[in-house]
Amino acid sequence: MGEWQRTACSLCYLNCGLEVQLDGRKITRVRGDKAHPRSGGYLCQKAQRLTWYGDHEDRLTTPLRRRPDGTHEPIGWDTALTEIAAKLHAIRDADTAAGRPGSFAYVGGGGQGNHSGGAYGTSLLKWMNSTRHFNALSQEKTGDFWVNGQLFGSTIVHTAEDVEHCDLLLVLGCNPWQAHGFSNARQALNTLKNDPDRRMIVIDPRRTETAELADLHLPLRPGTDAYLLGAILALLLERGGADERFLTERTEGFDEVAAVLGKVPVDAWIAHAEVSRVDVERAVELILAAEAMTVRVELGIQQGRHSTLNSYLEKLLYLLTGHFGRRGTNNLHSWLLPLWGATTGQRSEITGFEYIGGLLPANTLAEEILSDHPNRVRALWVESSNPANTFAGTRDVERAIRAAELSVVVDVAYTETAALADYVLPAASQHEKWEFTLFTFEWPTNYFQLRRPLLDPLPGTLVEAEIYARLFDELGVLPPSDVLASLAAGPRAQLQAGLGALVQAMPERAAILPVLLYRTLGASLPDGAASIAPLWAGCHRAAKTMTVPVQRALGSPATGPRLGEELFERVLAGPTPFSAHEQDEVWSLLRRERVRLAVPELLDWLAGLDPAAERPDPAYPFSLLNGQRRAHNANQILRDPRWRRTDPDGALRARPEELASIGAAPGDWVAVVTASGRVVVRAEADPGLRPGQLALPHGYGMAHPDAHGRRVVSGPRINLLTDALDRDPIAGTPHHKDVPARLEPATEQERARAEADSLRVRETVASGQSGRFAGL
């Protein structure tokens, strides 16, 4: 075995520090990095399977071009980039001639710990004179961002939780035991449970592993979070729970909020949520008694009914009670580089949805392409993403990809989206290049980790930065190589002026500054780290905008450009804190003088809630949790079914008596039916679910070579069951955690096919190997 090498996990946004051993190109052993300044040796069950990301037979090693019959043929890089550049030029020129905005859509920006390509992909978006950017954040989080913008003054202002120091943790719509979401989650939950002076409330329909540890579990009916939170807030105000000093000193608009909450029919809303009034009273008592409460939320409310309203109400829980901006409460956090942008008020001409944080709702991608509007999307570029599986309404997304005049996928594997694209460009994996995450959500000390490559890129693959640089060369935008080499050889202090001169000579180069940095500064970076050159600009920005916190983090007296250079060198060296704030400095992160509590659109929404209008449809009496977190599912970057030695079928979980109601038993094949589709799945009993609730996992439904080299789909493609129009009215995020559904017995033909596919997957898992890539 080789020496232990330091890296970080890429399977959730915490990116905990790891150490790994290699056997050739395989990661064979994984352990927590005890020296990591944030995670300190923590290791969860998902990280132990990290090898499966890039070591499987579905890896791409040559560009592919779509044939007329729909299959793909291998081509060379020069051919691929020349043809793609010609088609991009034609589409851009046609847009300019027609006087219309750019008809180019970019789906990307990186997944989890794979963010280096984002700067280069957005450069192409800008060069195409387009703004249509979609990614996983706009499928999950933009309602939360919109609320942050209303309350704190900008969508870039984002909240953090201090779980470590709270005496009350309120967990809402998530299961940190499986999904993690804050540092050292299982360790933190156990520590909290075993401390007699600390408490935990869990609000979740299911009796989750986290709920088992809680002092109080409120198992509300799916889709009723807004009603329950509204009732809790009303009771808190009725009992004097508003922190008047905090509200006076730090907020505005409390009277308007209190007026709406004062009219909440508490008993009716609690009854609608189907929880005990006694338990709700207990929750209120725990909140009133808390010295420092922090609220942890996730997709359970951010992809549930009333999702943007839910995000507002969960923030009111800690704002109205003064559990904000203090140790042990919710706070704000700094950024090395923001992962999303500010909201400007721009709206889509096609759907009318607002660009939140610079992003359009993922659920609207198909509409942007399939519309007959003259400004529809004509070119689709997908990087490190798989919308054919992950966006709502799979069939419409597939149809939209086929309908685009040009579709290009940049990825490590032959994904479901790649299988439909005109061109597929093979990228190096996360462990074959310098990489990082911009999920830096810590307070008061915030950390950044730059990961060195563990392996050389597979022959035939390129890092994203090189793909885009070669493309821009084909597009005729890059300066001559000798000009770039001259800048690269010069001092860094002159680099900004040199880049400015290049842009002045050709103004369209302003869109591709990250590529120019890659070709200049990147050439001077050690050990092939050129692709992370845009971080240099981020380090200088951080040093300029939060000088004192950066100085504290580095223990440095430097200022100005010297501080920026020192931060960049520390980032290159390994995991490092990049900012360290004093507690009172949290208020400097606001973009308003005071927190704005009264948001008219959301107060009107709250006032208009009506339980009578939200009764279950008798045709679809179940609530399907579509995308559950489990022990052995992570995300769409883990494609090989061999990593899941448990739950290989991605089973449907249901209460045993509800399976019995259709004549089914655990292990049987059953059909889940929604208004959008029908999926046949293996059944599994879970008495921890609420009556009327079903659950399917995310991260399945991917085709992969089986043991004989034929492609087989592993587990349910859950977005065959979803409707892109069933979405939040403000953010467009889907209602994945509350999909109306019914259960039916599978037909004999369905059972036979499902069993055959399952057997092929299980043979692959049991054999420990799959066949060669068979995507052509």
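Contact here means heavy atoms within 4.5 Å. The model shown is predicted.

**Figure 1. Helices α19 and α20 pack through a contact of nonpolar residues and one polar residue.** Helix α19 covers residues 481–489, and helix α20 covers residues 495–505. Their axes lie 9 Å apart, at an angle of about 160 degrees. Angles over 145 degrees count as roughly antiparallel, so α19 is roughly antiparallel to α20. The crossing is right-handed. From α19, the contact draws on Val483, Leu484 and Leu487. From α20 come Leu495, Gly498, Leu499 and Leu502. By class, six of these residues are nonpolar, one is polar and none is charged.

**Figure 2. Helices α8 and α14 run roughly parallel.** Helix α8 spans residues 225–238, and helix α14 spans residues 307–320. The two axes come within 9 Å and cross at roughly 20 degrees. With angles under 35 degrees counted as roughly parallel, the pair is therefore roughly parallel. Helix α8 passes α14 in a left-handed crossing. On the α8 side, the contact residues are Asp225, Ala226, Leu229, Gly230, Ile232, Leu233, Leu236 and Leu237. On the α14 side, they are Leu309, Asn310, Leu313, Glu314, Leu316, Leu317 and Leu320. The contact divides into 11 nonpolar, two polar and two charged residues. An α-helix has 3.6 residues a turn, so residues three or four places apart point the same way.

Figure 3. Residues 547–554 form α23, and residues 560–573 form α24. Their axes come within 11 Å and cross at roughly 45 degrees. The crossing is left-handed. Helix α23 contributes Thr547, Val550, Gln551, Ala553 and Leu554. These meet Leu563, Glu566, Leu567 and Arg570 in α24. The contact holds five nonpolar, two polar and two charged residues.

**Figure 4. Helix α2 is mostly covered.** The helix runs over residues 118–127, and seven of its 10 residues are buried. The buried residues are Gly118, Tyr120, Gly121, Ser123, Leu124, Leu125 and Trp127. Just after the helix, Asn129 takes a positive phi of about 60 degrees.

**Figure 5. The loop between α5 and α6 holds His180 and Asn184, each with a positive phi.** The loop joins α5 (176–179) to α6 (185–193). Phi of His180 is near 65 degrees. Phi of Asn184 is near 50 degrees. Neither residue is a glycine. The relative accessible area of His180 is 5%, so His180 counts as buried. Asn184 is buried too, with a relative accessible area of 13%.

**Figure 6. A cis peptide bond joins Trp443 and Pro444.** Omega is about 5 degrees at this bond. Pro444 sits in the loop between β18 (435–436) and β19 (445–448).

**Figure 7. Leu455 is a buried loop residue.** Its loop lies between β20 (450–451) and α18 (464–474). The relative accessible area of Leu455 is 14%. Setting aside neighbours within four places in sequence, Leu455 is in contact with Leu22, Gly24, Arg25, His431 and Glu432. Gln636 is 181 residues from Leu455 in sequence, and their C-alpha atoms are 22 Å apart.

**Figure 8. Pro745 is partly exposed in strand β30.** The strand covers residues 739–745. Pro745 has a relative accessibility of 48%. Not counting residues up to four places away in sequence, Pro745 touches Ile662, Ala671 and Arg678. Arg690 is 55 residues from Pro745 along the chain, with a C-alpha separation of 21 Å.

**Figure 9. The whole protein, for orientation, has 27 helices and 30 strands.** The radius of gyration is 26 Å, close to the 28 Å that the globule rule gives for 776 residues, so the protein is as compact as a globular protein of that length. The C-alpha atoms fill a box of roughly 75 × 70 × 60 Å along the principal axes. Of the 776 residues, 62% count as buried. Among contacts with a separation of 6 or more, 76% come from residues 24 or more positions apart.

Definitions and conventions: Residues numbered from 1 in each chain as written. Predicted model: local features only at pLDDT ≥ 70, side-chain atom pairs only at ≥ 80, totals over all residues. Heavy atoms only, no water. Axes fitted to C-alpha atoms, helices over the stretch in contact; angles between N-to-C directions. Helix = DSSP H or I, 4+ residues; strand = E, 2+ residues; numbered from the N terminus. Left-handed = near helix turned anticlockwise from the far one by under 90°. Nonpolar A, V, L, I, M, F, W, Y, C, P; charged D, E, K, R; others polar. Rg over C-alpha atoms; globule rule 2.2 N^0.38 Å. Buried < 20%, exposed > 50% of the residue type's maximum accessible area, 1.4 Å probe, protein only. Parallel < 35°, antiparallel > 145°, perpendicular 65-115°, else oblique.
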